[in-house]
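Welcome! Here is a short tour of one protein chain, written for someone who likes to look at the coordinates alongside the text.

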Amino acid sequence: MAVDLARAAVPHVRPRLPFGQRLALPDGLVPLLQRTGWMLVSVGCFAGLWELLWALGIADAKLLPPPHIFLGNLAEQARFFNTAQRWQIGTGMNTGPSPAMAVLITVLASTGRVLAGLALAASLSILVGVAIRYFKLFERLTLPTITLLAPVSPIAWLPVAIFMFGIGNAPAIFMVFIALFFTMVLSTIQQIDGVNRNYINVARTMGASKRQIYARVIVPAILPGLLAVLRLNLFGAWMVVLVAEATGVGYGLGQVIMLARNTFNPSLVFFTITLIGLLGFAFDLLFRLVQRRLLYWLPRDAGSSLGL
């Protein structure tokens, strides 16, 4: 009797359910909301610290304008993106497309060069890397030259790009390609050398030929590591294309940065940097989604070790 009275006096406590179950959210939506929330917190802390330094007078608004200044007048900043026709004689700032269309044209121009150079470098580097390990003669003829050219800075290839292709999209794409190709070839070779020998021995025991071992064992085994390297090279591609555009080989975001430098416009500099950061973040997110679709055999928690 006393035990029953004691139980009745203690209020019933329901077990605490996870956030997604309390709101009846889909399983895949909860991690997405968590990542989005932490991303907003991270960016908000950075922007808040910047605004605080400006409010305390530590950051000069003329040199380091806070986000509310260079993001507060988008139309004014966007009109500087009309760089596609500025090289023509008699063309003024107000000639050509609207500010919004100018931003879109500039972003698409830089993005197209990045994707074209990255696709060429990725496909050719994987083919060359596999061929180096597949054919011994091809390795002896090409690997020393690739190793010799790999440490050369992409900036050193800029005059070569202009000599070969002149002005336009081709030299910028070539710069992206040359910056990624040699290192990705060496990365492919390293990934092949790191394949577990037990996989190869089992395939040989089952009667697989050399071509079948490469196609069915080695290439799938190195694919996760190659995609992780390709994701990192995506950021490198953006860096190189901006340098190429800044030197005048084609209009784009890099040329807007140079225009801001020449006109001493810090707000335009940070506005363009913010735009580049958003583009890089969006492409990285899209690339990770594609990776998870391609690497369907990997467990969901394996992506953190591969940069996925």
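## Annotated spans

Keep in mind that this is a predicted model. An unreviewed UniProt entry gives the feature "transmembrane region" to residues 38-59, 114-135, 147-167, 173-192, 213-232 and 267-290.

Residues 173-192 are 100% helix and 0% strand, with end C-alpha atoms 28 Å apart. For residues 147-167, the end C-alpha atoms lie 29 Å apart, and the span is 52% helix and 0% strand.

## Helix α9

Helix α9 covers residues 169-193, which is 25 residues.

## The largest pocket

If you are curious about open space, the largest pocket holds about 570 Å³. It is lined by 15 residues, of which V43, F46, T274, G277 and L278 are the closest to its centre. The elements giving two or more residues to this lining are α3 (29-55), α4 (67-70) and α13 (266-294).

By class, the lining of the largest pocket has 13 nonpolar residues, two polar ones and no charged ones.

## D284 in α13

D284 belongs to helix α13. Its relative accessibility is 5%, so D284 counts as buried, the cut-off being under 20%. The C-alpha atoms of D284 and F235 are 8.5 Å apart, although 49 residues separate the two along the chain.

Conventions:
Residues numbered from 1 in each chain as written. Predicted model: local features only at pLDDT ≥ 70, side-chain atom pairs only at ≥ 80, totals over all residues. Heavy atoms only, no water. UniProt positions renumbered as here; feature names shortened; annotations may be inferred. Helix = DSSP H or I, 4+ residues; strand = E, 2+ residues; numbered from the N terminus. 1 Å grid on protein atoms, 1.4 Å probe; cavity = no way out; pocket = protein on both sides within 12 Å on 5 of 7 lines; lining within 4 Å. Points joined across faces, edges and corners; volume = space filled by probe spheres on them. Nonpolar A, V, L, I, M, F, W, Y, C, P; charged D, E, K, R; others polar. Expected span 1.5 Å × (residues − 1). Buried < 20%, exposed > 50% of the residue type's maximum accessible area, 1.4 Å probe, protein only.
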